[in-house]
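The following exercises concern a predicted model. Please work through each task before reading its solution.

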Amino acid sequence: MKNYYDILRVRPNASQEQIKDAYIELISKYHPDIYSGDKKYAEDYTAMLTEAYSVLKDPVKRQDYDVSQGIVVNYTSTSYSNDNLKSYKNNNEKFYRKSNLEQEESRKHFKSAKINKSRQNIFKRIFKSKLFYALLFVFGIEMLIIIFIYLRS
């Protein structure tokens, strides 16, 4: 099962406001209509965000999730030891650094595919154009005239 706290990038003892703020921040950054990278990634990630938020926003579902994951949290206390916080941040940074590398590779592939497709579209549009054939015809006539003049002299 996925770790919803990691997906929303919050600590297990985060308040409801912190969870909501994290969800709004991430959804506004990775929404498929806004995200400039791979749309499939954005759709999958926003689906995970929505799933995580739907579980963590409801106190009963959140407590059931914590029990099923074996997470012991004192919700009344917001204290979190510095050692735990550092290790939690380091683990998240490694996870998201890898995720960003995958995103960058996906963006490069998407850009190259988009460039190749735009080149193909340009040539298709040129060869379907009546102007292209008209210019080709005029060029052919001019070449015939030049050849005729060259041969006459």
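**Exercise 1.** Determine which residue forms a salt bridge with E51, and where the two partners lie.

*Solution.* Step 1: The partner of E51 is K2, and their closest N and O atoms are 3.6 Å apart. Step 2: E51 belongs to helix α3, whereas K2 sits in the segment before α1 (4-8). Step 4: The relative accessible area of E51 is 32% and that of K2 is 39%. Buried requires a value under 20% and exposed a value over 50%; therefore E51 is partly exposed, and K2 is partly exposed as well.

**Exercise 2.** State how many salt bridges the structure holds, and describe the one formed by D44.

*Solution.* Step 1: The structure holds two salt bridges. Step 2: D44 pairs with K40, the closest N and O atoms being 3.4 Å apart. Step 3: Both residues lie in helix α3, four residues apart, which is about one turn of the helix. Step 4: D44 is partly exposed, its relative accessible area being 38%.

**Exercise 3.** Decide whether T46 is buried or exposed, and list its contacts beyond four places in sequence.

*Solution.* Step 1: T46 is located in helix α3, which covers residues 39-56. Step 2: Because its relative accessible area is 9%, T46 is buried. Step 3: Leaving aside residues up to four places away in sequence, T46 touches I27, Y30, H31 and P32.

**Exercise 4.** Describe the secondary structure of the chain and its share of buried residues.

*Solution.* Step 1: The chain has six helices and zero strands. Step 2: Of its 153 residues, 23% are buried.

Technical notes: Residues are numbered from 1 along each chain as its sequence is written. This is a predicted model: local features need pLDDT of at least 70, side-chain atom pairs count only at pLDDT 80 or more; totals for chains, interfaces and linings use all residues. Side-chain values use heavy atoms; hydrogens and water are left out. Helices (H or I, at least four residues) and strands (E, at least two) are DSSP runs, numbered from the N terminus. Buried means under 20% relative accessible area, exposed over 50%, partly exposed in between (1.4 Å probe, protein chains only). Contact means heavy atoms within 4.5 Å. A salt bridge is a side-chain nitrogen of Lys or Arg within 4 Å of a carboxyl oxygen of Asp or Glu.
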